[in-house]
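Please look over the sequence and the model below.

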Amino acid sequence: MTNNQMNLGTFRHGPTRRGLIAAGTALPLVGILTRRAAAAEFTYKFATGQDPTHPCNIRAAEALDRIREASSGRLDIKLFPANQLGSDTDLLSQVRSGGVEFFNLATSILATLVPVSGIVNTGFAFHDYDTVWRAMDGALGQHIRAQINKVGLVSVCKITDNGFRQITTSTGPINTPADLAGFKLRVPPAPMLTSLFKALGAGPAPINFNEVYSSLQTKVVSGQENPLAIIATTRLYEVQKYCSLTGHVWDGYCILGNRRAWQRLPEDLRALVTRELDRSVMDQRADIARLSVSLRQDLATKGLVFNEVNQAPFRAALAGTSFYADWKAKYGPEAWELLEQATGKLG
């Protein structure tokens, strides 16, 4: 699929997460080879939590097709989207054990295993994408990858874009920190996001991603926070009314590999995987940047009411707490200095 083919129709007419689950079977999302390949020397699984129509999966599928073709079928990696093989926390265990060989996981959840990866989710740290990529493609990203390598995993390519997170609610817009007081909000099982919303006076409820829609539908929680592409592909606008453009956290997906499975691949295949996934990462980043603009209009037509948010009162509220000092102490001066090299002084 070319960049020009990546449009909102993809989201409107593609299969939904609930439809895939209802089908009751795990069907890999793979392309069709233009020629018959010999039996694969290596057959691996690549699991994701995103809907098949999400740019992460569309671009990953393209990369896996290129890998299959360029390796003459020696390496066949099948893509399993939409948590078909388990919840995010289940899949993190599976990629560590080798049950799946590759898994893309949000840094916010990876932080439960590799704490420093959550530093990129520091509340109101990144102001724009130039700042994000200066950090993630630079010294901070290298530091995080080194820590991932210490837990039996491998960061096999550049980090993909999950976008800036926004708050949606069913009860009313969020304009000031006072609007969050006591508000029950779904967050990923991620320490940074739980800490951020507690510091702002909310009641964060950690819930796995595959349970978000039902939790909102049954009013277990009144709101959630995610990037616009996730809100669109999972149809959260069906169970939410308001979207407050807080941009409170940037998040990305790390494509993780099981170390033993990675080391079994010959050097030429490892280089091929990294090269083709890096290419798709850059395409995916461009997709998300475009969609973050166009999706606002599209979601508005589906009934989601948007409001702009002044971030200054939220930063001031955080500065009045121990939030930044606590996380600096947790991550240590080295990681915090690398973050502030990109973002400027925090707190």
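**Charged pairs, a buried asparagine and a helix contact**

Arg74 has a relative accessible area of 28%, so Arg74 counts as partly exposed. The model is a predicted one. The side chain of Arg74 forms a salt bridge with that of Glu41, at 3.3 Å from N to O. Arg74 sits in the loop between α3 (55-70) and β2 (75-80), and Glu41 in the loop between α2 (17-22) and β1 (42-47), so the pair ties together parts that are 33 residues apart in sequence. Side chains of opposite charge can pair when their charged atoms come close. In this model the count of salt bridges comes to 18.

Other pairs lie within a single helix. In helix α3, Arg68 and Asp65 are three residues apart, about one turn of the helix. Their side chains meet in a salt bridge of 2.7 Å, N to O. Arg68 is buried because its relative accessibility is 6%, under the 20% cut-off. Asp65, with a relative accessible area of 23%, is partly exposed.

Helix α12 (residues 267-301) holds Arg279 and Glu276, which are separated by about one helical turn because they are three residues apart. The closest N and O atoms of this salt bridge are 3.8 Å apart. Here Arg279 is partly exposed at 46% relative accessibility, while Glu276 is buried at 7%. Salt bridges also link Arg59, Glu62, Asp287 and Arg290 in a network.

Next comes the asparagine. Asn226 belongs to strand β8 (residues 223-226). Is Asn226 buried or exposed? Its relative accessibility is 3%, so Asn226 counts as buried. The Asn226 side chain makes a polar contact with the side chain of Gln224 at 2.7 Å and another with the side chain of Arg165 at 3.3 Å. Leaving aside residues up to four places away in sequence, Asn226 touches Phe164, Arg165, Gln166, Arg186, Phe209 and Ile231.

The last stop is a helix pair. Helix α14 (residues 323-331) packs against helix α15 (residues 333-343) at an angle of about 120 degrees, and their axes are 6 Å apart. Because of that angle, α14 is oblique to α15. On the α14 side the contact is made by Tyr324, Trp327, Lys328 and Tyr331, and on the α15 side by Pro333, Ala335 and Trp336. By class, the contact has six nonpolar residues, no polar residues and one charged residue.

How values were computed: Residues are numbered from 1 along each chain as its sequence is written. This is a predicted model: local features need pLDDT of at least 70, side-chain atom pairs count only at pLDDT 80 or more; totals for chains, interfaces and linings use all residues. Side-chain values use heavy atoms; hydrogens and water are left out. Helices (H or I, at least four residues) and strands (E, at least two) are DSSP runs, numbered from the N terminus. Buried means under 20% relative accessible area, exposed over 50%, partly exposed in between (1.4 Å probe, protein chains only). A polar contact is a pair of N or O atoms within 3.5 Å; within protein, one must be able to donate a hydrogen and the other to accept it, and residues adjacent in sequence count only if both atoms are side-chain atoms. Contact means heavy atoms within 4.5 Å. Axes are lines fitted to C-alpha atoms, for helices over the stretch in contact, and angles run from 0 to 180 degrees between N-to-C directions. Angles under 35 degrees count as roughly parallel, over 145 as roughly antiparallel, 65 to 115 as roughly perpendicular and the rest as oblique. Ala, Val, Leu, Ile, Met, Phe, Trp, Tyr, Cys and Pro count as nonpolar, Asp, Glu, Lys and Arg as charged, and the others, Gly among them, as polar. A salt bridge is a side-chain nitrogen of Lys or Arg within 4 Å of a carboxyl oxygen of Asp or Glu.
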